[in-house]
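Morning, everyone. Please bring up the structure on your screens, and we'll walk through it together.

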Amino acid sequence: MKPFERVAVAVFVAGLFAAIATIVGSSVSRGPHEEPLGSPLLYDPVGHRLHARISCGSSLKAKETRSQVTVTYYRAHHDPGQFCSAPDLSVTLRSPLAGRRVVDDDSGATIVVTTE
């Protein structure tokens with residue numbers, strides 16, 4: 001193989017990998033911290049459930065300590081122009097909220113929580 005042919009093959013392979021990475025990257029969510037929760041949560045003290053209607057939401061997860069509940073918002077991927085619903089996302093706590101601080105895992109900000 002001549003040197004210019006090697007370069008042409010290398011450029012082709014690099015372009016192919018870049019195209020594959022673009023296709024895969026556009027069809028897969030970039031992860032749970034794509035954006036902060038940015039929404040107040042409702043708290044159901046009977047069921048120990050935090051929940052909210054969040055546009056284009058996917059799921060909520062919570063990590064609990066004695067003094068804090070850290071909520072992670074997993075956003076579903078939607079292509080531009082694609083319909084996006086606002087489901088009621090919820091997470092059930094292992095124990096009552098009982099005055100613990102609720103924090104957004106992405107931003108570190110305190111999340112406003114209202115009791116139902």
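What percentage of the 116 residues in the chain do buried residues make up? The figure is 23%. Buried means under 20% relative accessible area, exposed over 50%, and partly exposed in between, with a 1.4 Å probe and protein chains only.

A word on the source. This is a predicted model, where local features need pLDDT of at least 70 and side-chain atom pairs count only at pLDDT 80 or more, while totals for chains, interfaces and linings use all residues. Residues are numbered from 1 along each chain as its sequence is written, and side-chain values use heavy atoms, with hydrogens and water left out.

Now the layout. The chain has one helix and seven strands. Along the sequence, the pattern reads α-β-β-β-β-β-β-β. Helices (H or I, at least four residues) and strands (E, at least two) are DSSP runs, numbered from the N terminus.

Next, contacts, meaning heavy atoms within 4.5 Å. Take those in the chain with a separation of 6 or more: residues 24 or more positions apart account for 66% of them.

Let's zoom in on one residue. Where is Arg 100? Arg 100 sits in the loop between β5 (88–92) and β6 (101–104). Arg 100 is buried, at 11% relative accessible area. Leaving aside neighbours within four places in sequence, Arg 100 is in contact with several residues, including Thr 65, Val 69 and Leu 93. Glu 64 is another one of these contacts. The side chains of Arg 100 and Glu 64 are joined at 2.9 Å. Finally, the Arg 100 side chain reaches the backbone oxygen of Pro 96 at 3.1 Å.

Notes. A polar contact is a pair of N or O atoms within 3.5 Å; within protein, one must be able to donate a hydrogen and the other to accept it, and residues adjacent in sequence count only if both atoms are side-chain atoms.
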